[in-house]
Amino acid sequence: MSVPRTVEQAAAAAHFIADRPREEFFDTLMWALREARDHRASEVPEWEQFRDLASAIKEHTLSHLADYLEQFEASAKRNGAQVHWAHDAYEHNQIVADILSRHGAKNLIKSKSMLTEECDTRRYLENRGVTVTETDLGERIQQLDDEPPAHIVGPAWQKSPQDIAQVFAKAYGSDPNNSDPVYLAHEMRVHTRALIEKSDAGMTGANFAVAETGAIVTVTNEGNADLSGNVPKLRICSVGSRRSFPQTATSPSLSAFSPAAPPECPSRSTLRISSGRARAARCTSSSSTTAARSVSAWRSSGIRSSASAAEPA
Amino acid sequence: MQVGLVIPCYVDVFYPEVGIATLELLERLGVEVEYPFDQTCCGQPMANSGCESDSRATEEHFIRLFSRFDYVVIPSGSCTHHVRNKFIAAPPSPEREHVSQHVCDLVEFLHDVLKVKEFPWGEFPHKVALHNSCSAIRGIYMASMSERVHDPVFNKPKALLEGVKGIKFVDFARHDECCGFGGTFAATEEAVSARMGYDKLGFIQASRPEYIVSSDMSCLMHLQGCARRLGSEIKFLHLSQILNGDRA
């Protein structure tokens, strides 16, 4: 059984901070993200309303979780998906390994998923002969360097371009002294695309699992989740139970908070929400529309739910 | 109006002059203040460390001592935040509700209850960097939060200090970021805590103030430790000391 890796947080932080130039680089980067986030927030007049709404939706959903999970299962099955339930990391990993083995799949590509990190799924599968390729740039960098992600949004934020050049040189034989981001991104693309093309299974996480429709919403800004979800014939989506949401219209308000809006992606069904998010974050008129739609949809469902909750059992 | 005065443990032990300034200031403003001598810690360090049930006896003791007052005043944002918003180890009772609903940070009591505008006995012709603690800003809303970009800007500690003759404020970068203290965080995450303190001090000192002033002595204690290690000459004062008429 695979034991999840642990990190001695305080000691690791002390080690990181002792390298002053690195710490300053990181601090500058983090503050730039904070400023980018503030700038984005300032462009969306309903930002705080979105946040309150998101909290309310989340609280509501968590307090009716069992109902929404069952509704999601029924909806997803109607769409032709198979739904498996796992009660812990070990069972989750067993189920994934079993699905892969039943399909004879040996090459898995995956997009970033904190759930599979928590379950240490990659190591579990690799120990069983599956080649796992992370397709998120930061996650892939960490995989090549045999490190867990350092942050849930930016897995390799702690690495400088020079660090990444070293990691790629070791893994791909690229120029260790060329830390130009365009060059590095190109190296990654060349090596990862080949693995994506020969993959026989794809795995993604989920930002939302929509109970009403059985849809999975995955927010991506690199396009790698599109590839992981849509290129291989077999797709596995690993969803934490707390990712459930009542209705499609309630999801955009929860995905409106990103430090930088992603580029528009060619959309499949799972991406429609993410490009909606990009619009919401960019343009005030359409974000108002999104907010209005979310609010009204939420209100009607909220009234229904509170009414049914008030009825005696 | 009967006011019960709470002096936080670390103020009692390390900065008694801040407790004295708070008491003198309230009495100067004609408030009838009582300081119950049996008081202890409010239980915040235990509750914040996940030992909620261990803070029950402390919270019950606090409620026994302070539920008879019209207002409970504490010169500390984090203790106020704890008593107001997280006082749940003691079982619910009308006394607990009363204490939680009538506890005030000193700033809130002066600004919102007494509505003091001027401190004519005060004079402080110095350049001051005002630091508001996270608990004061995000726990009990004594100042607007820079991350809530659409909210109106307000700053109650600053509004009070502006009632003192001669005081000048300096602006500094990342003005409402945490100083790194964070109570037990300073002990469990020493490296991060210290780095945050040095960063904060760096941003503040770049604006060349003579004093760093706060309504939370715990932040000042942390920053003072950082300043001492750097050999910095910068001086520290609690807001109550300036409002009470300390000259330097």
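Visitor: How many salt bridges does the rule find across the interface of chain B and chain A?
Guide: In this predicted model, the rule finds 4 of them between the two chains.

Visitor: Why is the pair Glu48(A) and Arg148(B) called a salt bridge?
Guide: The rule asks for a side-chain nitrogen of Lys or Arg within 4 Å of a carboxyl oxygen of Asp or Glu. In Glu48(A) and Arg148(B) the closest N and O atoms are 3.2 Å apart. That value is within 4 Å, so the pair counts as a salt bridge.

Visitor: What makes up the side of chain B that touches chain A?
Guide: Its residues divide into 8 charged, 3 polar and 3 nonpolar. Helix 11 (residues 190-205) of chain B gives the most to this side, with 4 residues.

Visitor: How many residues of each chain are in contact?
Guide: On chain B there are 14, and they meet 19 residues of chain A. Contact here means heavy atoms within 4.5 Å.

Visitor: What area is buried between chain B and chain A?
Guide: About 1,400 Å², with carbon and sulfur atoms giving 52% of that area. In chain B, the residues that lose the most area to chain A are His150(B), Arg174(B) and Arg195(B), together 40% of what that side buries.

Visitor: What share of the residues of chain A counts as buried, and what makes a residue count?
Guide: A residue counts if its relative accessible area is under 20%. Of the 313 residues of chain A, 46% count as buried.

Notes
Residues are numbered from 1 along each chain as its sequence is written. Chains are lettered from A and ligands numbered from 1 in the order in which they are written. This is a predicted model: local features need pLDDT of at least 70, side-chain atom pairs count only at pLDDT 80 or more; totals for chains, interfaces and linings use all residues. Side-chain values use heavy atoms; hydrogens and water are left out. Buried area is the accessible area (1.4 Å probe) that two parts lose on being put together, summed over both. Helices (H or I, at least four residues) and strands (E, at least two) are DSSP runs, numbered from the N terminus. Ala, Val, Leu, Ile, Met, Phe, Trp, Tyr, Cys and Pro count as nonpolar, Asp, Glu, Lys and Arg as charged, and the others, Gly among them, as polar. Buried means under 20% relative accessible area, exposed over 50%, partly exposed in between (1.4 Å probe, protein chains only).
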